[in-house]
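Dear colleague,

I am handing over the structure we spoke about, and I would be glad if you kept it open while you read the notes that follow it.

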Amino acid sequence: MSLRDRFDDRSMLLADLLFEYDLLGVHDDPGIRPDDDEEYDDLVSTLRDGLDSGLSTAELSEVFAATLRSHYGLDRATAADELPFIERVHARWHQTA
């Protein structure tokens, strides 16, 4: 059973946004969605927890960057670099509320 098996529509929205963002650059062609597109599903809970807790975009960007550093080994991940993505996530999340 994968994480995705437990995702509701809002969690799938986050998974889709993460797939589009492709922070590791693992997808050669963003127009082609592979069957195994779950690389970033572990980050859905980080985003969802922050959004459900009412974190601001700046706060969630800090949490997201810290997760990228600790779990993905992206030592250079900064809140400032991740802010544009988090702003997009925040906007889409609140559109679906």
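**What was found**

Asp-22 counts as buried, because its relative accessibility is 14% (buried means under 20% relative accessible area, exposed over 50% and partly exposed in between, with a 1.4 Å probe and protein chains only). Before going further, please keep in mind that this is a predicted model, in which local features need pLDDT of at least 70 and side-chain atom pairs count only at pLDDT 80 or more, while totals for chains, interfaces and linings use all residues. Residues are numbered from 1 along each chain as its sequence is written, and side-chain values use heavy atoms, with hydrogens and water left out.

**The overall picture**

The protein has four helices and zero strands, where helices (H or I, at least four residues) and strands (E, at least two) are DSSP runs numbered from the N terminus. Along the sequence this gives the pattern α-α-α-α. Of its 97 residues, 37% count as buried.

**The loop between H1 and H2**

Asp-22, with which I began, lies in the loop between H1 and H2, and it has a positive phi of about 45 degrees although it is not a glycine. His-27 has its place in the loop between H1 and H2 as well, and it counts as buried because its relative accessibility is 12%. Between the C-alpha atoms of His-27 and Asp-37 there are 8.8 Å in space, and the two are ten residues apart in sequence. Asp-41 is another residue of the loop between H1 and H2, and at 5% relative accessibility it counts as buried. Which residues does Asp-41 touch, not counting those up to four places away in sequence? They are Leu-3, Arg-4, Phe-7 and Ala-15.

**The nonpolar core**

In soluble globular proteins, nonpolar side chains tend to be buried together. Here the largest nonpolar core has 20 residues, and those with the most contacts inside it are Leu-14, Leu-18, Leu-43, Leu-47, Phe-64 and Phe-85; such a core is a set of buried Ala, Val, Leu, Ile, Met, Phe, Trp, Tyr and Cys residues joined through side-chain atoms within 4.5 Å. The elements that give two or more residues to this core are helix H1 (9-21), H2, helix H3 (57-72) and H4, and the largest share, five residues, comes from H1.

Leu-18 lies in helix H1 and is buried, with a relative accessible area of 0%. Leaving aside its neighbours within four places in sequence, Leu-18 is in contact with Tyr-40, Leu-43, Val-44, Leu-47, Phe-64 and Phe-85.

The buried residues of H2 are Val-44, Thr-46, Leu-47, Arg-48, Gly-50 and Leu-51, and what covers them includes H1, H3 and H4. Two packed helices are described by the angle between their axes and the distance between the axes.

The axes of H2 and H3 come within 10 Å and cross at roughly 160 degrees (axes are lines fitted to C-alpha atoms, for helices over the stretch in contact, and angles run from 0 to 180 degrees between N-to-C directions). That makes H2 roughly antiparallel to H3, since angles under 35 degrees count as roughly parallel, over 145 as roughly antiparallel, 65 to 115 as roughly perpendicular and the rest as oblique. The contact is made by Thr-46, Leu-47, Gly-50 and Leu-51 of H2 and by Leu-60, Val-63, Phe-64 and Thr-67 of H3.

Helix H2 (residues 44-52) also meets helix H4 (residues 79-95): their axes come within 11 Å and cross at roughly 60 degrees, and the two helices are therefore oblique to each other. This contact is made by Leu-47, Arg-48, Leu-51 and Asp-52 of H2 and by Phe-85, Ile-86, Val-89, His-90 and Trp-93 of H4. Just after H2, Gly-54 takes a positive phi of about 80 degrees.

With best wishes

Technical notes:
Contact means heavy atoms within 4.5 Å.
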